[in-house]
Amino acid sequence: MIKKNFVALLQISEPGETPDPHQRKRAIGIDLGTTNSLVATLRHALPEVIEDHLGHALLPSVVRFSQDGVQVGQEAMEQAAVDPKNTIVSVKRLMGRGFADALEQSLPYDLVDAPGMVQLSTRAGPVSPIQVSAEILRKLRERAELALAGDIDGAVITVPAYFDDAQRQATRDAAQLAGLNVLRLLNEPTAAAVAYGLDTGAEGVYAVYDLGGGTFDISILRLSRGVFEVIATGGDSSLGGDDFDLRLVEWAIREAGLGDTIDGSRLSEIAQATTWRQLLSEARRVKEALSSQPMASMHVVLSGDNEIKIPLTRERFEALTSDLVEKTLLATRRALADARDALQGEPLNLEAVVMVGGSTRMPQVRQAVKALFGLEPFIGLDPDKVVAIGAALQADALVGNKTGSDDWLLLDVIPLSLGVETMGGLVEKVIARNATLPIARAQEFTTFKDGQTALAVHVVQGERELASECRSLGRFELRGIPPMPAGAARIVITYQVDADGLLSVSACEQTSGVKAAITVKPAYGLEDSQITEMLQSGFAKAETDMLERRLREQQVEAQRLLDATRVALHHDGDLLSTDDRTQIDALMDRLTQTAQGSDHQAIRAAVEALAAGTETFAMQRMNRSIQRALNGQQISSL
Ligand code: AMP
């Protein structure tokens, strides 16, 4: 590959003001959940979930449009039963969704068929899911501002790995409406893995098993060079802890001899004294108790104030719900099979399994997951908070608070230049050291040989002129370049570094549109001391590197001219007299010899000599090809 000409300089955003390193910024991570939401931050370098004034960490994701304004959280939830049409729960299921999609979910709201996204008809008029989510986010922002005593500089908000562009954009819009500066949307499973510090762990495959109140998600991630990539997702959007509660209620009704179906008339004896909601909440209490004790009793109030207590062992509970656990395993196996397909023959080395969601506290769930994966799952962090914690860690890093050996990567500049290897083992710097993040730069390159259909792209980092002296970040190949004469192809190579220091390199051949790309984390595995060393050697070797560069450039040029002359001789050598041919052969021999030496000026002189010595030959070839073209025309015009 050789550099063609400098094409474009594009900076995708204005460089922000350099942060004062002594001032910590207020950064938060938000887990915007279907049922509950949380906000977390880092205090004294430790992540913690921010509680409200009553000491509650979880904010129910419920918004009520009441006569007196908007209620969010617990107080809204308490009114859900009496004012269902104006009390919006599980709005996450509607984010970025159209009217038809929303109808399918058979929700208790009056839906409005608005262009783009569905709306909900409430007392406050039609509202979009974005507005409803914004209310939840605003409440969390206010909670955080109170706790951190000031404005929030930036937030990371988590979304399910399977969210599409519309759902992600809707989440961003909601955050903006809530007055939040979104540093990044982060996939929930990735956040959980980050909370456990797995992003600095061994490369390989990670599974995140997330069983909440109403949903089950399984995600298979691959960690490569410090970057998590989601390679498969699966789950069941209507399977969660609530189903376990329902099982218990059904069981209790049977046990109490009140019938074996949930049928209005048979339940009337219970219904007079106990609401369905109360039964479910009692079942939930018993279920949660059984996670830490072998037995519990379910209390059911019957008519006439008769209360019955039905004892239940953990064993029995596990038997009653084993099919629900099995359902999650089925989806997990399917996701693993998809992950294997995605890896295309690469072995699936599972490094760890992370547990997320309150329902993973159930011992039978932990055992089943352990048996399936053959690994002890990660349960050290609170499964309700782990996503918010991961988001907070990421947010803290993105605003530039992180300290320690790797803090340079979190500054908003590039510490070492990023370049690409060109012919002769030379480095063409694409993004210079100290460029402000985020940044994108594109340069145009071309092929070296006639008919070259593939191009090797070697991404390097460092200040040296030779690729062998720089750090290799990754290689990929651009294939399918249409065969063209050397130097005719136009291949644009783009380097883009996002706010997190993640580098994406893509190569695109302009006429055919063929493309190839990789993503790497240039900071991965790089110590502070190594950076200093690389910078120092860059300065110390600047002069010798420059001489080496000139030499190699001339050698590449010599090679190119020799190749071209050989091709010309092969096709049109018959145009030359014996004397002319001998002279050209001698000039080629001289250039071949000189190019093996280390005198760049001598090579240059030999290149110029061969170029001058073949000038007449080039003219003769030109005449011949014009003649051929004219002949062709005559024939065709006859
Ligand atoms: P999440 O959506 O992640 O907040 O999870 C909520 C679900 O976790 C609810 O169904 C809870 O009943 C369930 N849960 C919370 N704690 C426990 C526990 N100790 N044992 C069993 N389930 C629990």
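Of the six residues in strand β13, how many are buried?

1. **Strand β13.** Five of the six residues in β13 (residues 182-187) are buried, leaving this strand mostly covered. Buried means under 20% relative accessible area, exposed means over 50%, and partly exposed lies in between; the probe is 1.4 Å and protein chains only are counted. Strands are DSSP runs of E, at least two residues long, and helices are runs of H or I, at least four long, both numbered from the N terminus.

2. **Basis of this note.** This is a predicted model, in which local features need pLDDT of at least 70 and side-chain atom pairs count only at pLDDT 80 or more, while totals for chains, interfaces and linings use all residues. Residues are numbered from 1 along each chain as its sequence is written, and side-chain values use heavy atoms, with hydrogens and water left out.

3. **Overall content.** The protein has 16 helices and 27 strands. It has 638 residues, and 47% of them count as buried. Take the contacts between residues at least 6 apart in sequence: 64% of these join residues at least 24 apart. Contact here means heavy atoms within 4.5 Å.

4. **The partner of β13.** Strand β12 (residues 154-159) runs parallel to β13, and five bridges join the two. Strands pair if DSSP finds at least two bridges between them. T158 stands opposite L186 of β13.

5. **D210, a residue to check.** D210 sits in strand β14 (residues 204-211). D210 is buried but has no salt bridge. A salt bridge needs a side-chain nitrogen of Lys or Arg within 4 Å of a carboxyl oxygen of Asp or Glu. The nearest side chain of opposite charge is K92, 7.5 Å away. Lys and Arg count as positive, Asp and Glu as negative; His and the chain ends are not counted. Beyond neighbours within four places in sequence, D210 is in contact with E188, T215, F216, D217, V356 and G357.

6. **Salt bridges.** The count comes to 35. In one of them, R333 pairs with E326, and the closest N and O atoms are 3.4 Å apart. R333 is partly exposed at 39% relative accessibility, and E326 is partly exposed at 37%.

7. **A bridge between two loops.** R361 and D382 meet in a salt bridge of 2.9 Å, N to O. This pair links distant parts of the chain, 21 residues apart: R361 lies in the loop between β19 (350-356) and α10 (363-373), and D382 in the loop between α10 and α11 (386-398). R361 is partly exposed at 33%, as is D382 at 28%.

8. E548 forms a salt bridge with R552, with 3.0 Å between the closest N and O atoms. E548 is partly exposed at 26%, and R552 is partly exposed at 22%.

9. **Cysteines.** How many disulfides are there? The count is zero, taking a disulfide as a pair of cysteine sulfur atoms within 2.5 Å. C470 is buried at 12% relative accessible area. C508 is buried at 17%.

10. **L503.** L503 lies in strand β26 (residues 503-509). Is L503 buried or exposed? L503 is buried, at 0% relative accessibility. L503 and L418 are 85 residues apart in sequence, yet 9.2 Å apart in space, C-alpha to C-alpha. With neighbours within four places left aside, the contacts of L503 include L418, V459, L473, Y495 and I518.

11. **Positive phi.** H44 is not a glycine, yet its phi is positive, about 50°. H44 is in the loop between β3 (36-43) and β4 (46-49) and is exposed at 78% relative accessibility. Q344 also has a positive phi, near 45°, in a residue other than glycine. Q344 is in the loop between α9 (314-343) and β19, and is exposed at 72%.
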